[in-house]
Amino acid sequence: MVRDCFDVFPHAIPTLATAAANVAYARSLRDTLDAICAQLVETAGLAGAQIFLVDASGTRMRVHGAAPVDRWPQDFAVRLEEARHRGAELSSFEALRTGRPVASRRRKAQMLADPRWAPLHDQLD
């Protein structure tokens, strides 16, 4: 499910702001964004969260924050791009293109059954 977390969990905003401020003072951008994702996972009870930055063309993205950190390997963005080049449909790009949240039922099962998502199958188990 791709959704704007602040629409779903408006109470998370102050918590995330505090986490970001605490980490930003002493660490890198990546550490700060990882901390924001970790706080979101804890506050909202999510399995995981990522922060993506998209280039000006809107066609290429990089992971800049994730939680839990041990679930997202350094080459996650490379694998995601590979899946995309194989024709996998990324809900994130659909949300960016339309400006609307995208929610999918049984998304994980669909992705695991789709060979276009093979580069990320081990991350979805």
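Among contacts in the chain (heavy atoms within 4.5 Å) between residues at least 6 apart in sequence, 50% link residues that are at least 24 apart. The structure is a predicted model, in which local features need pLDDT of at least 70 and side-chain atom pairs count only at pLDDT 80 or more, while totals for chains, interfaces and linings use all residues. Residues are numbered from 1 along each chain as its sequence is written, and side-chain values use heavy atoms, with hydrogens and water left out.

Confidence comes first. The mean pLDDT (the predictor's confidence in each residue, from 0 to 100) of the chain is 78, and 82% of the residues reach 70 or more. Within the chain, helix H1 (residues 5–8) has the lowest confidence, with a mean of 54, whereas helix H6 (residues 107–113) has the highest, at 89.

The chain holds seven helices and two strands; these are DSSP runs numbered from the N terminus, with helices (H or I) of at least four residues and strands (E) of at least two. Read from the N terminus, the order of elements is α-α-α-β-β-α-α-α-α. Of the 125 residues in the chain, 36% are buried, a term that means under 20% relative accessible area, with exposed meaning over 50% and partly exposed in between (1.4 Å probe, protein chains only).

The interior can be described through its nonpolar cores. A nonpolar core is a set of buried Ala, Val, Leu, Ile, Met, Phe, Trp, Tyr and Cys residues joined through side-chain atoms within 4.5 Å. The largest has 15 residues, of which Met61, Val63, Phe76, Leu80, Leu90, Trp117 and Leu120 touch the most other members. Strand E2 (61–67) and helix H4 (76–85) each supply at least two residues of this core, and H4 gives the most, with four. Leu120 touches Phe76, Arg79 and Leu80, when residues up to four places away in sequence are not counted. Another core lies apart from the largest one; this core has six residues, including Cys37, Ala44, Ala49 and Ala67.

Leaving aside neighbours within four places in sequence, Glu81 is in contact with Thr59, Arg60 and Met61. After H4 comes Gly87, with a positive phi near 105 degrees.

Glu81 also belongs to the lining of the second largest pocket, together with Arg30, Arg60, Met61, Arg62, Val63, Trp72, Pro73, Gln74, Phe76, Ala77 and Val78. On a 1 Å grid over the protein atoms alone, a pocket is an open set of points with protein on both sides within 12 Å along at least five of seven lines, and lining residues have an atom within 4 Å of a point. E2 and H4 are the elements that give two or more residues to this lining, and the largest share, four residues, comes from H4.

His121 is found in helix H7 (residues 121–124), and the side chain of His121 reaches the backbone oxygen of Met111 at 2.8 Å. A polar atom of the His121 side chain also lies 3.1 Å from the backbone oxygen of Asp114. Arg71, in the loop between E2 and H4, counts as partly exposed because its relative accessibility is 35%. Not counting residues up to four places away in sequence, Arg71 touches Gln123, Leu124 and Asp125. Arg71 and Ala47 are 24 residues apart in sequence, with a C-alpha to C-alpha distance of 10.0 Å.

Notes. On a 1 Å grid over the protein atoms alone, a cavity is a set of points where a 1.4 Å probe fits but cannot get out, and a pocket is an open set with protein on both sides within 12 Å along at least five of seven lines; lining residues have an atom within 4 Å of a point. A polar contact is a pair of N or O atoms within 3.5 Å; within protein, one must be able to donate a hydrogen and the other to accept it, and residues adjacent in sequence count only if both atoms are side-chain atoms.
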